[in-house]
Every structure is written in structure tokens, then in C-alpha cells.
Amino acid sequence: MSHRPFRFGVNMVEPSPRAQWRAKCRTAEQLGYDVILVPDHLGMAAPFPALVAAAEATERPRVGTFVLNAGFWNPTLLAREVATTDLLTDGRLELGLGTGYVRAEHDAAGLPWGSPGERVDHLRHTVETLDRHFAEAGFVPKPGQTPRPPLLIGGNGEKMLRLTAEHADIAAFTGARSVPGRTDGKMLHLTAEEMDERVASYRRHAAGRHAAAELNLLIQLVDITDDRRAKAREVADFVPHLSVDAALDVPILLMGTVRQIADQLRAQRERYGFSYITVLEPYFEVFGPVIEELRGE
């Protein structure tokens with residue numbers, strides 16, 4: 001089975017003044033990151049101006065949203081933002097979309113929350129509206145990329161996997177699931193076997209695709225250590241549904257030496273197909289040697 005080469009993204013979660021923001025983005029470029037990403041949460045930086053600033057500060061990396069909360073956006077106005085940002089970044093934009101998962105943010109913004117099904121339906125409407133606007137002359141400028149920037153969709157539920165299989169160039173897996181009955185964003189890590197099931201479900205929905213999508217995984221922890229098992233014991237203490245052995249196998253937790261983490265990512269690419277790896281900002285510098293270890297693979 002052939003695999004895509006590795007790509008690496010960093011999700012910048014800390015708002016920063018201009019000089020600090022530019023310095024962080026340049027460091028990411030120097031470390032070998034392929035994509036500089038920005039999430040879409042209240043209390044964090046507004047995504048599109050942050051991405052334009054990231055592109056201005058760097059030369060090589062692409063920039064992207066990871067991921068936009070579709071419930072925050074009017075689809076037509078979003079199309080204008082996307083097209084303008086793609087033009088201002090010289091066609092370096094990747095557009096990540098999701099449904100949103102924190103009800104308090106919707107309440108604070110005075111926006112409807114809706115059922116899970118309604119949120120997925122709104123996301124589908126958003127994707128279809130964007131494609132329509134980008135395909136025809138009208139109310140928004142044409143993006144720099146044709147027919148539009150690459151589309152990433154993130155989610156694990158069945159309706160989301162179906163939507164991802166139908167529309168996304170990049171299928172993003174969070175590696176975690178919502179706690180039933182919780183709307184505060186609390187998530188539980190998926191075990192290796194649960195991830196097998198979610199990826200298999202996506203592949204069933206994607207069986208009729210003309211071209212295979214790139215598969216992305218969001219990493220929640222990077223810890224360079226000579227004692228993987230000791231770190232896994234710490235993790236298991238905070239995640240009681242996982243044993244130490246299960247924590248060692250969780251796809252979104254990277255613990256060990258640089259070589260061990262690189263081997264884990266190679267094995268996960270073989271098992272699941274994850275070639276596009278995103279890490280959170282607090283870990284992006286410590287993860288740099290892993291990028292160097294995997295460069296060109």
C-alpha cells in the first residue's frame with residue numbers, strides 16, 4: 001500500500017501582538033512545518049487576519065483554518081472572507097470547517113446552537129454555498145486557487161464522516177469524542193481500536209470517491225522522554241477510562257524519544273493512513289526534531 005508523504009501543521013492557539021506573532025510563524029517555518037493554522041474560538045485570534053499576517057511573515061508554509069465553526073458564519077459572507085484571504089496569501093490558504101462543539105460560545109455570540117443533526121446540516125449548506133459562489137461570478141471575488149482552496153472537514157460522527165467523504169480534500173480526525181450530555185467541549189480520547197472503527201467508517205463512505213483524500217490527525221500531547229511508560233502512567237491518572245497500555249496506544253498522544261515518536265507516526269500512517277499531522281502550539285517547538293527525523297518520508 002502506498003502512502004502520502006508526511007505533512008506537518010501547527011495550530012496556533014495563543015493570540016499575540018504583531019511582532020510576537022510574526023516571530024512564532026517564522027520559527028514554525030524554520031522548524032519545517034508545512035502549514036500554519038488558526039482555530040475559530042471566542043477568546044482566540046480572529047482567523048482570517050491572523051492567517052494573512054502569518055503569510056506575510058513567511059515564505060514557504062501554507063496557512064489554514066483549523067477549523068472554522070460553521071455556526072459562526074453566514075455562508076455568503078464567509079465565501080467573501082475565504083476568497084479575499086486566498087488572494088492576499090497568494091493562493092496558500094487551506095480552508096478547514098467543522099460544526100463547532102462548545103455551546104457556551106454560541107450562547108455568548110447570541111447564535112443558535114441546535115441539535116447535532118442541525119449543526120451538520122448547516123455545515124453541509126455552508127460547503128454547498130461556498131462551492132456555488134466560487135463557481136459563478138457574483139457577490140464574492142474569485143479565490144486565487146481554482147476552483148477553491150483545498151477543503152478540510154473535521155469530525156468523527158457518522159453524518160460528519162459522510163459529509164467529509166463527499167466534499168473534503170482533507171479528512172481530519174480529532175481522535176476524541178464528545179462526552180454524552182456535555183456541551184462544554186469536554187472530550188474523551190479514542191483508543192486505537194475506536195480509531196480503527198472511525199477510519200473504517202469514513203473509508204466506507206468514501207469508497208466511491210474519484211480521488212482519495214488526505215487524512216489528518218490532531219495531536220493533543222507531545223512529550224519527549226526516555227520513559228514512555230512513566231509518562232503514560234501520568235496520562236492514565238488524568239484519563240481514568242484508559243489503562244497505561246491503552247494510553248501508550250492512543251493515536252493522539254505522542255510520548256517517547258524522538259525516534260519512538262517518529263516510529264509511532266510511521267506505524268499510524270500504515271494502520272490508519274494519517275499522513276498530515278497537526279500539533280498544538282504549546283508543543284510545536286518540542287516536536288521540531290520529529291519533523292527533522294521524518295523529513296522527506
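Which residues are buried in helix 6? They are Met160, Leu161, Leu163, Thr164, Ala165 and His167. Buried means under 20% relative accessible area, exposed means over 50%, and partly exposed lies in between, with a 1.4 Å probe and protein chains only. The buried residues of helix 6 (158-167) pack against helix 5, strand 6, strand 7 and helix 7. Contact here means heavy atoms within 4.5 Å.

This is a predicted model, in which local features need pLDDT of at least 70, side-chain atom pairs count only at pLDDT 80 or more, and totals for chains, interfaces and linings use all residues. Residues are numbered from 1 along each chain as its sequence is written, and side-chain values use heavy atoms, with hydrogens and water left out.

Now take the chain as a whole. It has 11 helices and 13 strands. Helices (H or I, at least four residues) and strands (E, at least two) are DSSP runs, numbered from the N terminus. Along its principal axes, the C-alpha trace spans about 60 × 40 × 40 Å. A compact globule of 297 residues would have a radius of gyration near 19 Å, and the chain agrees, at 19 Å. That radius is taken over C-alpha atoms, and the globule rule is 2.2 Å times the number of residues to the power 0.38. Of the 297 residues, 52% count as buried. Among contacts with a separation of 6 or more, 73% are between residues 24 or more positions apart.

Helix 7 comes next. Its 14 residues should span 20 Å at 1.5 Å a residue, and its end C-alpha atoms are 20 Å apart, so the two values agree. The expected span is 1.5 Å times one less than the number of residues. The buried residues of helix 7 are Ala192, Met195, Arg198, Val199, Ser201 and Tyr202. They pack against helix 6, strand 7 (170-173), strand 10, helix 9 (244-249), helix 10 (258-272) and strand 13 (274-280).

Helix 7 (192-205) and strand 10 (214-219) are the elements that give two or more residues to the lining. The lining divides into eight nonpolar, four polar and five charged residues. Ala, Val, Leu, Ile, Met, Phe, Trp, Tyr, Cys and Pro count as nonpolar, Asp, Glu, Lys and Arg as charged, and the others, Gly among them, as polar.

How is such space found? Rolling a probe the size of a water molecule over the atoms shows where empty space is left. On a 1 Å grid over the protein atoms alone, a cavity is a set of points where a 1.4 Å probe fits but cannot get out. A pocket is an open set with protein on both sides within 12 Å along at least five of seven lines, and lining residues have an atom within 4 Å of a point. Grid points are joined across faces, edges and corners, and a volume is the space filled by probe spheres set on the points.

A search of the whole structure finds one cavity of 30 Å³ or more. The largest cavity has a volume of about 30 Å³. Leu95, Val127, Leu130, Asp131, Phe134, Arg148 and Leu151 line it. Helix 5 (residues 116-135) gives the largest share of this lining, four residues. By class, the lining has five nonpolar, no polar and two charged residues.

Asp131 sits in helix 5. It counts as partly exposed because its relative accessibility is 28%. Leaving aside neighbours within four places in sequence, Asp131 is in contact with Arg148 and His167. Asp131 and Pro147 are 16 residues apart in sequence and 8.2 Å apart in space, C-alpha to C-alpha.

Pro147 lies in the loop between helix 5 and strand 6 (151-154). A cis peptide bond joins Thr146 and Pro147, with omega about 0°. Another cis peptide bond joins Phe66 and Val67, with omega about -15°. Val67 is in the loop between strand 3 (62-65) and strand 4 (68-69).

One loop remains. Thr89 is found between helix 3 (75-88) and strand 5 (93-98). Is Thr89 buried or exposed? Thr89 is buried, because its relative accessible area is 1%. Not counting residues up to four places away in sequence, Thr89 touches Leu51, Val52, Ala55 and Val63. Asp90 lies in the loop between helix 3 and strand 5. Asp90 counts as exposed, at 69% relative accessibility. Its phi is near 55°, a positive value in a residue other than glycine.
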